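Biologist: Could you walk me through this one? I have not looked at it before.
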Amino acid sequence: QQRSDDNRRLPPIANTLLTVPAIQLAQKIRRKEVTSVEVVQAYIDRIQEVNPLINAVVKDRFAAALQEATLVDKLVVEETGGEDVLEDRLPLLGVPFTVKESFALQGMPNSTGLPSRRSVVSGIDAPSVALLKRAGAIPLGVTNCSELCMWLESHNHVYGITRNPYQLGRGAGGSSGGEGSVIASGASVIGVGSDIGGSIRMPCFFNGIFGHKPTSGIVCNDGQYPPPSGQQPGFLCTGPMCRYAQDLVPMLKIMAGPDAEKLCLSADVDLSKLRFFSVPHDGGSPLSSPVDPQLIQAQRKVVERLEADLGVKVKEMRIPQLKYSFQIWGAMMSSPDKDGKIPTSFAELMNGGGKKVWPVWELFKWALGLSPHTIAAIGLTLVEMFQSSHPSQFILQQKESLQRELEELLGLDGVLLYPSHPQLAPKHHYPLFTPFNFSYTGIFNILGLPVTQCPLGLSEEGLPLGVQLVAGKLQDRLTLATALYLEQAFGGWREPGHTGLGVV
Ligand SMILES: CCCCCCCC/C=C\CCCCCCCC(N)=O
């Protein structure tokens, strides 16, 4: 699927409003330094400029967003209680945001890339989306994802494939790839993603932005398709994706609702008092690719900076159970819930929840160009045929011992560095040959630990580098504070199109 414009570069960001963090945009709007209409219009213009190249926003609501921005500006002028009242009540007042299409956003499609759901339109908002709207944020539209949110690249037969703004011939990751691509392109500043195996963190890594998978159970997962079943509700996480680290905590506070209290997100974090650990790879799983030397090097530089700036000693270690990350993820994802109910099969979900698709027949149709499904989704139904819902004792033991070891290691003050993925953003469809690489992220869904993906600049070929920061349960503030520090130290998000590569 090489396109003639694969070597094109994204047009540079001309409007400086597009490089202001969401939380500062809200402040500027409250202080009447800029209107919400100006901000929303700037983002609409940028989406219209870049979307033909990246195919990230699959349905917009620009006219409604501009009307809502007009109401915001009126409210700001009429508010007599002062700026603080607005900040308290509506911390994101007038700031635009985007939403992964698998979430319900009123009036927007909610197909999750499934052709049979093409005409499904949401009548209500998912709770996480509603909370952002209630905080004053204005949705601009919905963004692309993988078919049924279950692949490492955002491609489906409803909307096509999303492209990586750093190199259009590469994938934006999955399953929240539309969010990753649009935010990195400067065409959205904050967005909503979901993650049951890395679907926030992989696109954030491939697109050089920040993303947080919260501690399991903290942000409500309702209002997404497909709904998780079996034990999956404990692994699926809804979380923020953004260009600037300072937007992570305010977004998480809003999206978590009353449960945000459990995370003590306003407490100060003294990084020099934390214990840091660095694990360079999964210990050699034969299923995953070796970690790219540039990622190993980037992680080493993080260790050096932490030691030099904070005076801490980072302990480099190996964790042998990580070698079984994929097997642990696969076993737990297909395990029955506590009442013995097995999860809905992928083959059923592919048929919109009805009868199962028949994998071999679907593959045959695909070979003739007649299947409405992607080869990745069909491949998953084939693999599922051989997956048992009774995992081996050995794998369960590995999971238990990994959980115990990591929880003991991290305690209330530990942060672990681990590669976000073994490879840099792959060319389109290459994940078909390296599907198990997602287990670098997926293992932390099973463990329920909070993880922040943090960008670390660009590789020699101009692709984003990054690292995962992992903490103990409910200790999200530690990884979020470390991400803020690393943004300062390594420069955070870099504008795509300024890499000196490609042809304009
Ligand atoms: C045609 C090739 C298909 C091969 C299938 C190989 C099996 C790999 C198993 C699972 C891959 C799942 C990927 C999940 C990625 C993101 C999940 C998420 N929503 O967070």
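Modeller: Ser199 sits in the loop between strand S8 (190–195) and helix H7 (201–206), where helices (H or I, at least four residues) and strands (E, at least two) are DSSP runs numbered from the N terminus. This is a predicted model, in which local features need pLDDT of at least 70 and side-chain atom pairs count only at pLDDT 80 or more, while totals for chains, interfaces and linings use all residues. Residues are numbered from 1 along each chain as its sequence is written.

Biologist: Is Ser199 buried or exposed?

Modeller: Ser199 is buried because it has 36 C-beta neighbours inside 10 Å; the cut-offs are 20 or more other C-beta atoms within 10 Å for buried, 12 or fewer for exposed, and partly exposed in between, with C-beta atoms placed from the backbone.

Biologist: And what does Ser199 touch, beyond four places in sequence?

Modeller: Its contacts include Cys149, Gly174 and Ser175, a contact being two C-beta atoms, placed from the backbone, within 7 Å.

Biologist: Which residues does the "active site" annotation cover?

Modeller: The unreviewed UniProt entry lists Lys100, Ser175 and Ser199. They are spread over 100 residues of sequence but cluster in space, with a largest C-alpha distance of 10.6 Å. UniProt positions follow the numbering used here, feature names are shortened, and annotations may be inferred rather than shown by experiment.

Biologist: Where is Lys100?

Modeller: Lys100 lies in strand S2 (residues 96–100), and it is buried, since 32 other C-beta atoms are within 10 Å.

Biologist: Changing topic, what is the mean pLDDT of the chain?

Modeller: The mean is 96, on the predictor's confidence scale from 0 to 100 for each residue. Over residues 499–504, however, pLDDT stays under 50. Where pLDDT is low, predicted coordinates should not be read in detail.
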